[in-house]
Amino acid sequence: MDFQLVSDYRPQGDQAQAIAKLAKSLEAGNRHQTLLGVTGSGKTFTMANLIARHGRPALVMSHNKTLAAQLYSEFKNFFPHNAVEYFVSYFDYYQPEAYIPRSDTYIEKDSSINEEIERLRLSTMGSLLTRRDVIVVASVSCIYGLGSPEDYENMMVPVWKGQKLSRGDFLNSLVGMLFERNDIQFGRGKFRVRGDVVEVHPAYLDETAIRVEFFDDEVERVSSIHTLTGQIIERLESHTFFPAKQFVTPGDKMKRAAVAIREELEAGIAGFEKHHKLLEAQRLRMRTEYDLEMMAEMGFCQGIENYSRHLTGREPGARPHTLLDFFPRDFLLMIDESHATIPQIGGMYEGDKSRKTVLVEHGFRLPSALDNRPLRFEEFMQMTGQRLYVSATPGPFEILNSRPENKTHIPVKSRKEGGVPDLKKLRVKPSGNDEPVEDFDPTKRGTPLVVEQIIRPTGLLDPVITLRPLKGQIDETIELCRQRVERHERVLVTTLTKKTAEDLSEYLKSVGLKVRYIHADIDAVERVEILRQLRAATVDVLVGINLLREGLDLPEVSLVCILDADKEGFLRNQTSLIQTAGRAARHLAGECVLFCDVVTDSIQSLLDVCNYRRTRQQQYNEAHGITPQSVTRALQQSLQTHEHTREQADALNQSLVADDMETYDKLRVIAGLEEEMREASSRLEFERAAHLRDQITALKGTAPATVSKPVKYPTGKSARGKRVSS
């Protein structure tokens, strides 16, 4: 199928020229191209148009789950008739195996798997093997080891009406694909048998199962059914069953792997004994022998991924199979927020290697465990073809490589020092958008492939940048905050240290401002609540260290104050300053005040960039008669559980539990919260699920109590099983 872009919007502002230039660059075969798009300019829509125009499978990478979920939702809306998949880490909680020699502390692997995300991952793998109209939105977890696509594809079982296939052979195939038989509790990854009827619930489907009916040794009917009611949804001509797990290995490979593991074990024990490390030798023998016995009897063991090199038959040091192996060779890679995602890709390997090396040296794992790893950055680049980097502040790697004369990528070692290269020094013309699209030649040597998209269809301008001296910066900040509060607007203040943020918050409170601070020591869920309070005017001023988190959407913020702006470093480099100033770009009166005595290179770059963007936007607004307006967005409801009167609930489209009782017990509340947590997780609302989890933990840690008021349960079922809404 072709990609069918469904949208009521048409390219506006800079989108049309950006789409045209990037499309020409891709058609010319360039491997690197960069979209420099400001917040609010519609970068996702531009990416969707490129995918639809080129008609190739696409991988869209983001650096965290939350942003990946937002992109997934947007692409699902743009391509409702195509396969849009979501592939992120399926762990709600993950504690990796580790050993601390100094204290002789061994930390066992512990994890909690999100079944809904596991289903989406399996759906991704199946779609990539069976169709080409696939868009996968993924986090950096896509560069971690995964089962071999050849093994996964070879174990797929197609079934069609009239096929010569006995029920016994079909059941054996299901067991080989790691499906479990359960005639009582039917669920994903399970099957049940009723005479000549076999019902299978594929792990990649939600509420749909497949019923296969046999007559003698022939498939008589294939149907899709509802898992709960058993009612037939549709009669099928055929269906292909995929393995129930992401890591599958044929039986013959498992036997060969056991032999290879035992050979490595003997060599490892001999090496420890040669150096008189008898404790390590005994430890390695006990752990590996136990794992081998579990694999022989059960087909798996705890930490089986550490034997992936032997299970897949790879050579020592060879790269692992990843999601990238499931893509066809011509797929298109789009890296969102590339200034953050690229360094994350490059940093995964070394951290994993450091932890596992300690385990191997102390006899907890065989040396082959080191080959269960994420891709090295060089391997990642070799496995990807054409790439589009998307960011408002692209880094040196993206800009330096976005040139047609660069046949291979240029590693940028200076990235650790921070900052974005000067566009003038790199011969990238800031006014490149003024040239006609038909004259844009991406094959010409030296032509910049950094395409700007800085015109917002809404007409909003970049914030005004104001410089003020360091002397008296606290008193100046207080006065600026008071002026904005009087206009019912919000303020962000950034400092350099946690201690400064906390002390400044206390001082601002003492002068009558409603203020909170936020930094890394604040729980992630509490951070979400603090940001909600800022939007709701419960808090007027928010003090932090690094408020540059991509996706921080605060339309009410009209002022950003950056203290000690001339202290060059990670928190005050060009990228950080541009991102921080951009937090005020959603308000008509947006302004960024920098307190400094010296205009550093980073500050000057910020001034140049903002002045250039403001000029371009003003010219566009005048030419098209656009009047800028502040962004308005509905306020997210608090994640806290509140009590409401019936009138308040009706106003918010909420309801109270229809219970006649005057009290409730804690167990009922916990049950309701647990169900809501599972529903939030299935809807990919991870922050809400995490907050509900914390509420459950807090309730379990308190003494039993009752409340003599009507109780509002979360969305889901009440304590008596009645459906409620929130």
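Me: Does Phe397 count as buried or exposed, and at what relative accessibility?
Reply: In this predicted model, the cut-off for a buried residue is a relative accessible area under 20%. Phe397 falls under that limit and therefore counts as buried, its relative accessibility being 4%.

Me: How many aromatic pairs are found in the whole structure, and what is the angle between the planes of Phe377 and Phe397?
Reply: A search of the whole structure finds 14 aromatic pairs. One of them joins Phe377 and Phe397, whose ring centres are 5.4 Å apart in an edge-to-face arrangement. The pair links distant parts of the chain, with Phe377 in helix 11 (residues 377-383) and Phe397 in helix 12, 20 residues apart. Phe377 counts as buried at 19% relative accessibility, and the angle between the planes of the two rings is 75°.

Me: With which side chain does the side chain of Glu398 make a polar contact?
Reply: Glu398 belongs to helix 12, which covers residues 396-401. Because its relative accessibility is 0%, Glu398 counts as buried. Its side chain makes a polar contact, at 2.8 Å, with the side chain of Ser338.

Me: Which residues of helix 3 are buried?
Reply: Helix 3 runs over residues 65-78, and its 14 residues reach 20 Å from the first C-alpha to the last, close to the 20 Å expected at 1.5 Å a residue. An α-helix has 3.6 residues a turn, so residues three or four places apart point the same way. The buried residues of helix 3 are Leu67, Ala68, Ala69, Leu71, Tyr72, Phe75 and Phe78.

Me: How many disulfides does a search of the whole structure find?
Reply: Cys142 counts as buried because its relative accessibility is 1%, and Cys301 likewise counts as buried at 6%. A disulfide is a covalent bond between the sulfur atoms of two cysteines. For the whole structure, the number of disulfides found by the search is 0.

Me: How many residues apart in sequence are the parts that Arg616 and Asp14 tie together?
Reply: Arg616 forms a salt bridge with Asp14, in which the closest N and O atoms are 3.7 Å apart. Arg616 lies in helix 17 (residues 601-624), while Asp14 lies in the segment before helix 1 (15-27), so the parts tied together by this pair are separated in sequence by 602 residues.

Me: Which residue forms a salt bridge with Asp462, and in which helix does that residue lie?
Reply: The partner of Asp462 in this salt bridge is Arg613, with the closest N and O atoms 3.8 Å apart. Asp462 counts as buried because its relative accessibility is 7%, and Arg613 is buried as well, with a relative accessible area of 8%. Asp462 lies in the loop between strand 19 (450-453) and strand 20 (464-468), so the pair ties together parts that are 151 residues apart in sequence, Arg613 being in helix 17.

Me: Over the face of which residue does Arg283 lie?
Reply: Arg192 lies over the face of Phe186, at 4.1 Å from the ring centre. Arg283, at 5.8 Å from the ring centre, lies over the face of Tyr99.

Technical notes:
Residues numbered from 1 in each chain as written. Predicted model: local features only at pLDDT ≥ 70, side-chain atom pairs only at ≥ 80, totals over all residues. Heavy atoms only, no water. Helix = DSSP H or I, 4+ residues; strand = E, 2+ residues; numbered from the N terminus. Expected span 1.5 Å × (residues − 1). Buried < 20%, exposed > 50% of the residue type's maximum accessible area, 1.4 Å probe, protein only. Polar contact = N/O pair within 3.5 Å; in protein donor to acceptor, adjacent residues only side chain to side chain. Disulfide = S-S within 2.5 Å. Phe/Tyr/Trp six-rings, centres within 6.5 Å; stacked < 30°, edge-to-face > 60°. Lys NZ or Arg CZ within 6 Å of the ring centre and 35° of its normal. Salt bridge = Lys/Arg side-chain N within 4 Å of Asp/Glu carboxyl O.
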